[in-house]
Amino acid sequence: MANLLLGKIKASIGRLKGHVSEARANAREDLRERQAAEKSPRSIILTKNEVQGEWDASRVLMTTMGGQVRPITTSDLAQFRHNMKLAQRNFNGDGITARQVIDLAASRPMPGTGPETDLDRAKKQITMAVPASAMNGHIRFITNAGPDSDVNRHHVLVRFNAFAEAANRLMSSKAKDSKSPKQIANWLRKQKLAFDCDCGRHRYWFRYISTIGNFNAGRKEMGYPKIRNPNLKGVACKHVLRVMAEVESSGIVLNFLAKHMEKLHASKDNTAKHNARQADIDKQKASATRIKTSDQRAAERARAKEKKAIHDAAKKVKRIVRKPVATRKIEAALASGQLSASDLAVLRKFNMTDKQIAAKLGGS
């Protein structure tokens, strides 16, 4: 079954040419639809003011809070506000790291999304995530689509919030502690960032969370996800999770950022633009980067440490060497009184071996 599923995955990301225009067109269409939905006299968007208590009881909106579709109550609004506060506690307002995105991914399947989590789907279905272009602190990634998608690829925009600081570090090249562009790139990818994805999962489940958490790199969303994600669980779709794993650990992403930093270092105004080459993209195969949470990493380290401790302990244990048969026979004869120590000494004085002595005992 797994092989059949993988066979349906759209593993290619297609041509790079025109990817920026495509991403921008997707964003414009998303904004147009969102504005039309809000202006509609039949709008079902739960606004920021309504969540805060400005509620018209005559307006009937639905929620899935509790697991069933039902009308929203004032108690639900209070719970929504509580959920907002809980979600915001995970962030300090200046972005989120790639590691935090992976660690904060929903740990349990969400209602209506199947038996797997976004992390499970990212591992199994999203096999490619490549950096396509960079404009200053904004890096555009392209990922393949999942097996049930109606598109061939998705666009993930990542904004590195520490880009200006990275530029300042590069410009201080005369300092004794100056770093190379690759070292700065490696530092940058560990810092706070923001992101956006053009998939429906991000749009309806997570864009609200990224907006209130201040790690949103696209349009803001203040309509509470009362139907899709009323408990505000998770932070990212499977495409973003794959990209975050690549940002944090991939050598391909590091080299891309390093080249971008080289162009930044050579610039006169602390700006840079860098594009991936189609030939390089075509050579890339499925990502080998494993997506692991910090807990999974800690568990792996613990297992490795335990395995090493067992190995080290085994090396310290003295190997039990079984004595030859002749030696054991002589020791038995001494213990039983069949042979005295003085007689053994005499026999050995005549340079008799243990085998000869054992043979003599056997014949006596």
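Reply:

**Salt bridges**

A search of the whole structure, which is a predicted model, finds 27 salt bridges.

In helix α2 (residues 19-39), R32 and E29 are three residues apart, about one turn of the helix. Their side chains meet in a salt bridge with an N to O distance of 2.6 Å. R32 counts as partly exposed because its relative accessibility is 47%. E29 is also partly exposed, with a relative accessible area of 33%.

Helix α6 (residues 118-125) holds the pair R121 and D118, again three residues apart, about one turn of the helix. The closest N and O atoms of this salt bridge are 3.4 Å apart. Here R121 is buried, and D118 is buried too.

Helix α7 (residues 163-171) contains E165 and R169, which are four residues apart, about one turn of the helix. They form a salt bridge whose closest N and O atoms are 3.3 Å apart. With 38% relative accessibility, E165 counts as partly exposed. R169, at a relative accessible area of 34%, is partly exposed as well.

Beyond these pairs, salt bridges also link residues into a network: D30, E33, R34, E38, D196, R203, R207, R219 and E221.

Note on methods
Residues numbered from 1 in each chain as written. Predicted model: local features only at pLDDT ≥ 70, side-chain atom pairs only at ≥ 80, totals over all residues. Heavy atoms only, no water. Salt bridge = Lys/Arg side-chain N within 4 Å of Asp/Glu carboxyl O. Helix = DSSP H or I, 4+ residues; strand = E, 2+ residues; numbered from the N terminus. Buried < 20%, exposed > 50% of the residue type's maximum accessible area, 1.4 Å probe, protein only.
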